[in-house]
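Here is a short note for a colleague opening this structure for the first time. Please read it with the model on screen.

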Amino acid sequence: MSDIEVYAFVGPAGTGKSHRATHVARQNGIDFIIDDGLVISRGRILAGRSAKSEINRLRAIRRAVFEFPEHREEVVKYLTKHPPQKLMILATSEGMIEKITSRLGLNAPVKVINITDVATPEEIEAALWERREKKQHVVPVAKAQIQHSFAGKLVGQIKGFFKGRDKDDRNTIVKPLFSFNGKVTIDSGAILAMSRKLLELGDHVKKIREIDLETYDDKIELNIEIDLNLGGRSALSIARTLQKKIRMGLSYFTGMDIRKVNIRVNEIFL
């Protein structure tokens, strides 16, 4: 995808980027938009999955930067097969742009457009108020395109900047399930308790001797020591199954990136 000309549209969350995305794209002759995990063109979803379909904020962030392999592969495959001349990526920072371009194998942006370049301070403040008070998000997609795949409340629809020119030039207002007041923190004790419960599911773990948790930025590494009942299986097979179960379980319930699950078998019972 080395021939795709990449543009970046940057601004803090809730400042009105999605609302203005189609307008900015047309001003710059841009074919496709990437916004919150979706590839969009003329109000239509072409590939990907919306971060706003996630049930918690952590998974939404990971979805937006294409951290999930199947999601990333789907988008890369589509862009490889249908490469646009120009592509605009919406993000909250240039660092987020770098993550997305790196994961999708795209070039660095030829131009960075800031929300302050296209919106007045009053318009930005009004957009922030809407996000803060109503917990509503805008998706630059026609309502019919998103209503079957969006896990949340569809609030309404607003016309884009080019009224009358294109029936698909519309933005949909949505209220994601992860919209809430305050912030989410996950205590290390909760992660350890989840890990213990996942280990106890099944007949192979006879005793959990130790579970140790280490964190690296937003990634988790677990060190586990257990006694096993083999039950006709090999210790290696059981350990690999447990690794997969814990990684998938913790990722699903917390939305966090499980860097490693190290399992040490202390004792084996036939």
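1. Basis. This is a predicted model, in which local features need pLDDT of at least 70, side-chain atom pairs count only at pLDDT 80 or more, and totals for chains, interfaces and linings use all residues. Residues are numbered from 1 along each chain as its sequence is written, and side-chain values use heavy atoms, with hydrogens and water left out.

2. Length of helix α3. Helices (H or I, at least four residues) and strands (E, at least two) are DSSP runs, numbered from the N terminus. Helix α3 holds 13 residues, 69-81. The expected span is 1.5 Å times one less than the number of residues. For α3 that gives 18 Å, and the end C-alpha atoms are 18 Å apart, so the two agree.

3. Which residues of α3 are buried? They are His-71, Val-75 and Leu-79. They cover an arc of only 60 degrees around the axis, so they sit on the same side of α3. The arc is taken from the directions from the helix axis to the C-beta atoms. An α-helix has 3.6 residues a turn, so residues three or four places apart point the same way. On the other side of α3, Glu-70, Glu-73, Lys-77, Thr-80 and Lys-81 are exposed. Buried means under 20% relative accessible area, exposed over 50%, and partly exposed in between (1.4 Å probe, protein chains only).

4. What α3 packs against. The buried residues of α3 pack against several elements, including β2 (32-35), β5 (86-91) and α4 (94-104). Contact means heavy atoms within 4.5 Å.

5. A salt bridge is a side-chain nitrogen of Lys or Arg within 4 Å of a carboxyl oxygen of Asp or Glu. The count comes to five. One of them joins Glu-67 and Arg-103, at 4.0 Å from N to O. Glu-67 is in the loop between α2 and α3, Arg-103 in helix α4, 36 residues apart. Glu-67 is buried at 18%, whereas Arg-103 is partly exposed at 31%.

6. Arg-209 and its partners. Arg-209 forms a salt bridge with Asp-227, the closest N and O atoms being 2.9 Å apart. Asp-227 is in strand β11 and Arg-209 in strand β10, 18 residues apart. Asp-227 is buried at 3%; Arg-209 is partly exposed at 38%. Arg-209 also forms a salt bridge with Glu-267, at 3.7 Å. Glu-267 lies in strand β12, so this pair ties together parts 58 residues apart in sequence.

7. Ser-195. Is Ser-195 buried or exposed? At 0% relative accessibility, Ser-195 counts as buried. Ser-195 is found in helix α8 (residues 188-200). Leaving aside neighbours within four places in sequence, Ser-195 is in contact with Ile-211, Leu-222, Ile-246 and Leu-250.

8. Nonpolar cores. A nonpolar core is a set of buried Ala, Val, Leu, Ile, Met, Phe, Trp, Tyr and Cys residues joined through side-chain atoms within 4.5 Å. The largest has 23 residues, and Ile-34 and Leu-106 touch the most other members. β1, β2, α2, α3, β5 and α4 each supply at least two residues of this core. The largest share, four residues, comes from α4. Beyond its neighbours within four places in sequence, Ile-34 has contacts that include Phe-66, Leu-79 and Leu-106. A second, separate core of 21 residues includes Leu-198, Ile-238, Ile-258 and Val-261.
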